[in-house]
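Reader: I would like a close look at one part of this model, with the cut-offs spelled out as you go. Please keep the answer in one piece.

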Amino acid sequence: MSVYRVKSCWIHCFLQMKEKSFSCDRATMQWSLFLLLLMGQCVFITCQLYEYHFIKEQMSWDEARAYCRENYTDLAKVFDLTDMRRLQDSAQSQTEAWIGLYSEPGRDNRRWHWSLPGEEYTENKTCWGTGEPNDRPYPENCVRKKDKWADAPCTHTFPFICYDETMKDNKTFHLIGEMKTWTQAQSYCRQHHTDLASGLDQIYSEEFKELLNSKASKVNLWIGLFRDTWRWSDGSNFSFRYWDMDSFNDGLNNRTCATTLLERSGRWSSAGCDQRKPFFCYDVKLDQTSGLICS
Ligand SMILES: [Ca+2]
């Protein structure tokens, strides 16, 4: 394994651990063991070992994609907030730029995702209530939970449960009693904890159940499940979304390509794909034959 590979992975994993507060900082740990564990973390958290490239030249979204595919790998994809910060750091001007997210509008083109990056949604691991998801009134793109799950309009307001991977206050889950829309709840959880509670392992854990039993067993709560028609240019199934809710209005058929608003904290909006804008490409720096699983 080349020094570069180890170093890149180490740096990225270090950033990931800083974000996620992994406790791999025991001073007595020998370097070799340390390295081994770091690489283990790499495999475990599927770190993204790609680089972002900001292209100043203004192109339509399709032209930008062709340019990225020819010169790099594809238009930029974003796995989580750590990636988003790296993408912003690679920008050379504070303007609006294309990323590799696009929409194929249509009721049948929606896909379910968990809000927490890396938590895969699978059809056979769900707990829908009888007759749900019924998508009535259309569109019901967010999920509330009482005993079982039901789809609901994302603009409705409910209390919600945040997942906290840092175990803030010694707790993995935090029940927030304020009534918020699904997107407001997601923003709150990402700002104060990690994300909305996501995945069956979390939502049906003993700690989660105890929290509900003690405080909110009969109340509807938002969980981190949503569906949309947005997908990544390279086919990745990343669930991370970072919409600027002041300017983004999903479902507009003439605005189906995503931009990052670098002057607005990098949050995303949608625009007509024929507009000409700077853009971000990504490329994979490492080959994947090294044993590191770095998608
Ligand atoms: Ca419903």
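Is K77 buried or exposed, and what is its relative accessible area?

Author: K77 is buried, with a relative accessible area of 6%. Buried here means under 20% relative accessible area, exposed means over 50%, and partly exposed lies in between, with a 1.4 Å probe and protein chains only. The model is predicted, so local features need pLDDT of at least 70 and side-chain atom pairs count only at pLDDT 80 or more, while totals for chains, interfaces and linings use all residues. Residues are numbered from 1 along each chain as its sequence is written, and side-chain values use heavy atoms, with hydrogens and water left out.

K77 forms a salt bridge with D234, and the closest N and O atoms are 2.9 Å apart. A salt bridge is a side-chain nitrogen of Lys or Arg within 4 Å of a carboxyl oxygen of Asp or Glu. The pair links distant parts of the chain, 157 residues apart: K77 is in the loop between β2 (74-75) and α4 (81-89), and D234 is in the loop between β11 (230-232) and β12 (257-261). Helices (H or I, at least four residues) and strands (E, at least two) are DSSP runs, numbered from the N terminus.

By the salt-bridge rule the count comes to 16. Another of these pairs is R231 with E104, at 3.3 Å from N to O. R231 lies in strand β11 and E104 in the loop between β3 (96-103) and β4 (111-114), so this pair ties together parts that are 127 residues apart in sequence. R231 counts as buried at 10% relative accessibility, whereas E104 is partly exposed, with a relative accessible area of 33%.

The side chains of R227 and D151 also meet in a salt bridge, at 3.1 Å from N to O. Here R227 is in strand β10 and D151 in strand β6 (residues 149-152), and the two are 76 residues apart. R227 is buried, and so is D151. Both belong to a network of salt bridges that links R107, R110, D135, D151 and R227.

The covalent links come next. A disulfide is a pair of cysteine sulfur atoms within 2.5 Å, and by this rule the count comes to four. One of them joins C68 and C281, with their sulfur atoms 2.0 Å apart. The torsion about the S-S bond of C68 and C281 is about -75°, so this disulfide is left-handed. The link connects C68 in helix α3 (residues 61-71) to C281 in strand β14 (residues 277-284), 213 residues apart. C68 is buried, with a relative accessible area of 0%, and C281 counts as buried at 0% relative accessibility.

Another disulfide joins C142 to C154, at 2.0 Å from S to S. Its torsion is about 95°, so the disulfide is right-handed. C142 is in strand β5 (residues 142-145) and C154 in the loop between β6 and β7 (158-163), 12 residues apart. C142 is buried, at 1%, but C154 is partly exposed, at 23%.

C162 and C189 are joined as well, at 2.1 Å from S to S. With -80° about the S-S bond, this link is left-handed. C162 is in strand β7 and C189 in helix α5, 27 residues apart. C162 counts as buried at 0% relative accessibility, and C189 counts as buried at 0% too.

A pocket is found on a 1 Å grid over the protein atoms alone: it is an open set of points where a 1.4 Å probe fits, with protein on both sides within 12 Å along at least five of seven lines, and lining residues have an atom within 4 Å of a point. The volume of the largest pocket is about 970 Å³, a volume being the space filled by probe spheres set on the points, which are joined across faces, edges and corners. The elements that give two or more residues to its lining are α5 (182-192) and β10 (221-228). The lining has 39 residues, of which T183, W243, M245, F248 and D250 lie nearest the pocket centre.
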